[in-house]
Amino acid sequence: MSPASPDLHAELDRFVDGELPPEEAERFREHLAGCAPCQARLHERVQLAGMSQHALGGEAAGARVIRPSRWIARATAVAGVAMAASLALVISGRLGGDPDPSLWLAAGAQRPLEARLSTPAADRWRPYEMTRGAEPAPPPPLPELAKLEARGKLVAIADAYLSRGAPEAARPYLDRAGESPQAFSTRAAMDLMLGHPAEALRHSARALALRPGSGAARWNHALALRALGLSMAAAAELDQVAAAGEPGWSGEAKQLAAPLRAEVERRRAAYASAKDLCQKAGRGEAPFPADARDAPLSLLRSYFDDVLARAGTAQAVRALRPAAEALDARSGGDGARRAVDRVLAQPFQGREALAREYARLTDGDQDAGALKALAERARRAGQLDLERQALELLPERLQEVERQRALALAAADPWLLAVADEHAAVRDMSGGRAGQALQILEGRVKDCATIDRAELRCLYAERGTALAHLVLGAGAEAGAMGLRALERARREGNAVEERMVLMDLARAAEARGDAALARAYAEEYRLRPVIP
């Protein structure tokens with residue numbers, strides 16, 4: 001190149017900034033069409049501009065005030081994206097032809113993404129292989145992207161970036177791609193990569209609404225449900241993918257669905273088994289299952305109090321001490337052992353007959369009048385644990401909240417105090433005093449943040465708090481607390497409460513106007529097996 005001719009490689013920044021005279025700009029365009037290094041540098045500038053546009057455009061919806069510095073930066077970013085489109089047309093006009101299929105890295109033996117992309121060339125099935133720690137793939141070649149840009153194939157460009165593990169680089173193209181089923185499906189794939197399963201669920205639901213037969217959208221919908229912990233709904237979606245018979249995808253769908261169902265069944269079976277063993281212990285057919293490791297401690301403590309109330313003699317009560325100590329060792333408290341000691345400190349005259357009547361009513365129709373009569377007789381006889389248990393079996397509208405709280409205070413038992421708080425909160429909500437109920441339950445949730453033990457019944461406090469927020473019309477707060485309760489129910493193995501919290505979350509999502517999430521939670525609730 002002659003000294004009079006500047007090094008065209010060095011002119012990129014001036015060209016991008018619009019500082020070249022028209023003749024020099026045209027000469028640089030000619031150079032750019034055949035210069036790979038300049039195309040790579042231009043690619044970096046364009047993507048940086050596009051990502052800046054997204055970051056600056058992500059302010060809260062409805063914002064109207066833009067600070068001067070933000071205005072300048074945003075204008076620059078918008079100009080960068082517009083420049084990308086115009087340059088793509090220049091380059092594609094010189095190169096011509098269809099994009100190279102390798103643009104989507106679809107020729108390898110494994111696929112790097114578990115999600116599915118919308119571009120047919122990118123949606124070729126291969127076994128999924130997680131690539132943590134692997135070297136990042138090189139950026140897609142600008143000439144190939146230019147061909148797609150010239151044809152308006154913005155989703156295909158986004159797919160090229162996603163296939164290389166670059167979701168933020170894909171976002172500006174999806175923002176301009178409109179509301180097609182392909183755009184929504186690929187956006188769901190991007191959301192999954194970014195760890196936003198709720199957004200992925202909404203976008204895949206919109207894709208399926210526009211094109212119910214989209215295998216890619218249904219696949220991404222299933223992955224979003226799975227990431228949200230909605231295992232049965234995810235398995236049902238995967239069943240539909242499998243039924244479509246797409247080569248490769250069908251078999252993988254079956255493989256993914258099976259363990260999802262198996263884990264739900266494992267938790268259901270563990271809960272049902274522990275409940276059955278507790279009931280057998282109450283009938284004297286088996287020892288109390290304090291060592292049932294997969295059973296939630298709240299279930300075991302509830303049934304322990306029931307079994308203790310059925311013990312009519314001092315010998316039968318003392319026989320429960322080892323189980324009480326084993327239960328306390330697991331819970332970190334001493335409530336079960338102290339419950340045994342309280343019963344042993346009571347007079348035993350008349351207890352055996354009262355215990356038999358309690359067992360008959362508990363195993364029968366639980367007649368409210370008979371239970372109230374039993375509670376009164378137990379009170380006169382000084383059998384305060386039997387009185388409390390009989391009152392506990394009454395319908396919620398007949399609960400004697402003040403008496404139950406007095407019994408809990410006398411026992412100084414955190415478990416009984418927590419139960420009394422729950423009854424008081426239910427009464428307040430039923431009476432239109434949801435604010436008072438919320439105060440009670442939020443105090444319990446605060447205690448659980450400091451001392452997290454089974455005796456505090458933290459799961460029930462969190463679920464009650466979520467319901468109080470819902471009654472008060474605070475859908476966002478109800479959803480957040482409901483998610484805490486759902487996570488705790490899973491962690492504790494409480495399959496019954498887990499199913500109930502799903503319906504609470506469906507109502508909270510509906511209150512927030514999130515129809516896709518509400519449907520997902522409601523469907524998971526419907527598909528979960530009922531434990532009688």
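The largest nonpolar core takes in 58 residues, with Trp219, Leu230 and Leu238 making the most contacts inside it. A nonpolar core here is a set of buried Ala, Val, Leu, Ile, Met, Phe, Trp, Tyr and Cys residues joined through side-chain atoms within 4.5 Å. Helix 6 (residues 154–163) hands over the largest share of this core, eight residues. A second, separate core has 26 residues, among them Leu300, Tyr303, Leu320 and Ile531.

The model is a predicted one: local features need pLDDT of at least 70 and side-chain atom pairs pLDDT 80 or more, while totals for chains, interfaces and linings use all residues. Residues are numbered from 1 along each chain as its sequence is written, and side-chain values use heavy atoms, with hydrogens and water left out.

As for the overall picture, the protein has 26 helices and zero strands (DSSP runs numbered from the N terminus, H or I of at least four residues for helices, E of at least two for strands). Of its 532 residues, 48% are buried (under 20% relative accessible area, 1.4 Å probe, protein chains only).

Back to tryptophan 219: beyond its neighbours within four places in sequence, its contacts (heavy atoms within 4.5 Å) include Arg111, Glu114, Arg116, Leu238, Trp249 and Leu256.

Glutamate 387 sits in helix 19 (residues 384–392). Glutamate 387 is buried, at a relative accessible area of 2%. Setting aside neighbours within four places in sequence, glutamate 387 touches Ala375, Ala378, Arg379, Arg403 and Leu407.

How values were computed
Buried < 20%, exposed > 50% of the residue type's maximum accessible area, 1.4 Å probe, protein only.
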